[in-house]
Amino acid sequence: MSTLRVAVEPAPDQHLASAVREVGGSVVPLAQAQVLVWIGGPDGFPDLPDTVEWVALSTAGIERFVDAGVLDDKRVWTNASGFYSRGVAEHALALLLGGTRQIVRSAKTRWAKDAVDPAVRTLRGSTVAIVGAGGIGRELTPLLKACGATVLAVNRSGRPVDGADVTVASDRTDEALAQSDHVVLAAPDTPETRHMMNDRTLALLRPHSWIVNVARGPLIDEAALHRALTAGVIGGAALDVTDPEPPADDHPLYDLDNVVLTPHVANPTGRLTQEMAPYLAENLRRYVAGEELLAVVTADRGY
């Protein structure tokens, strides 16, 4: 392991450097590295020397890297899919409870008991669909179950998600939406998923339904969402991501008392490398041992 040479760019990071040393590796300049751990965005991504066999990106979403043409087929690429799932799942639950328990609306009004009281709902006995039930879905499922909800997981393959009551493949998303009280979006942003929540699919939900997005802003057609919210088609929306991001100061969603917008903090930047470090250490161990890496990217899928 002493020969493992890892570059951490574009800036040094104590948590990731500790992960490298934990497995007996050394942090070196990029020109000497076998592995590049890149904790920036696609802008400024360097030309890679042939010695780099693996690039570890620090984000779960790689669509910006794909669009920028950064990925190549000369080496292995990984993202951070699943690395931040526990914290994002906590945030998703907080957003859903904030909506269904009318905490959001109460915070935007002054003791509006007559209006708020009848709208308070419980997760007990409800059905919550997790669309894109990967790592976040696996972490969120037991939290929802602890609240008494039935979990309907939707993923690409339809392979059962541990703990979920039902798992269906993504080609049955409409069916899942129609059966659910609330929806949590945790899917990647791909051409297939962009604006998956639109006028037609929002109409499959119920007047009390809350939609939570902790994934990518483009999953929701925000004009359609505004129409659904103001017309009473759904109960509310809790968004940690928007399209574009940040939204304009005069974005109409800000004016609705059944909407909460958090500024993309489900995975706060200040904790990103600290959360990533143990997964990086495990992947470095696997790399040295010749084992399959976690979160290998399939570039033609965009994740």
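Author: Let us begin with a definition: two strands are said to pair if DSSP finds at least two bridges between them. In general, strands of a sheet pair through backbone hydrogen bonds, either parallel or antiparallel. Please bear in mind that this is a predicted model.

Reader: In what order do the seven strands of the open sheet run, and in which sense do they pair, parallel or antiparallel?

Author: The order is S8-S7-S6-S9-S10-S11-S12, and the pairing is parallel. Strand S8 (166-169) and strand S12 (259-261) are the edge strands, each pairing on one side only. On average, neighbouring strands of this sheet are turned by 15° against each other, direction ignored.

Reader: How many bridges join strand S6 and strand S7?

Author: Strand S6 (residues 127-131) and strand S7 (residues 150-155) are joined in the parallel sense over five bridges. Within this pairing, Ile130 stands opposite Ala153 in S7.

Reader: What is the strand order of the five-stranded open sheet?

Author: Five strands form that open sheet in the order S2-S1-S3-S4-S5, with parallel pairing. Strand S2 (26-27) and strand S5 (76-78) each have a single partner strand, so one side of each is left without a neighbour in the sheet. Strand S1 (residues 5-9) pairs with S2 in the parallel sense over two bridges, and Arg5 has Ser26 in S2 as its bridge partner. Helix H10 (residues 272-289) lies across S1, strand S3 (35-38), strand S4 (54-57) and S5, running at about 165° to S4.

Reader: Let us turn to charged pairs. How many salt bridges does the structure hold?

Author: Side chains of opposite charge can pair when their charged atoms come close. The structure holds 15 salt bridges. One of them joins Glu63 and Arg216, whose closest N and O atoms are 2.9 Å apart. Glu63 belongs to helix H2 (residues 63-67) and Arg216 to the loop between S10 and H9, so this pair links distant parts of the chain, 153 residues apart. Glu63 is buried, with a relative accessible area of 14%, because buried means under 20%.

Reader: Which residue forms a salt bridge with Asp257, and where does each partner lie?

Author: Asp257 pairs with Arg105, the closest N and O atoms being 3.5 Å apart. Asp257 is in the loop between S11 and S12 and Arg105 is in helix H4 (residues 103-108), so the pair ties together parts that are 152 residues apart in sequence. Asp257 is partly exposed at 30% relative accessible area, and Arg105 counts as partly exposed at 23%.

Reader: What does the salt bridge between Asp199 and Arg227 tie together?

Author: Its closest N and O atoms are 2.7 Å apart. Asp199 lies in helix H8 and Arg227 in helix H9, so parts 28 residues apart in sequence are tied together.

Note on methods:
Residues are numbered from 1 along each chain as its sequence is written. This is a predicted model: local features need pLDDT of at least 70, side-chain atom pairs count only at pLDDT 80 or more; totals for chains, interfaces and linings use all residues. Side-chain values use heavy atoms; hydrogens and water are left out. Helices (H or I, at least four residues) and strands (E, at least two) are DSSP runs, numbered from the N terminus. Axes are lines fitted to C-alpha atoms, for helices over the stretch in contact, and angles run from 0 to 180 degrees between N-to-C directions. A salt bridge is a side-chain nitrogen of Lys or Arg within 4 Å of a carboxyl oxygen of Asp or Glu. Buried means under 20% relative accessible area, exposed over 50%, partly exposed in between (1.4 Å probe, protein chains only). Contact means heavy atoms within 4.5 Å.
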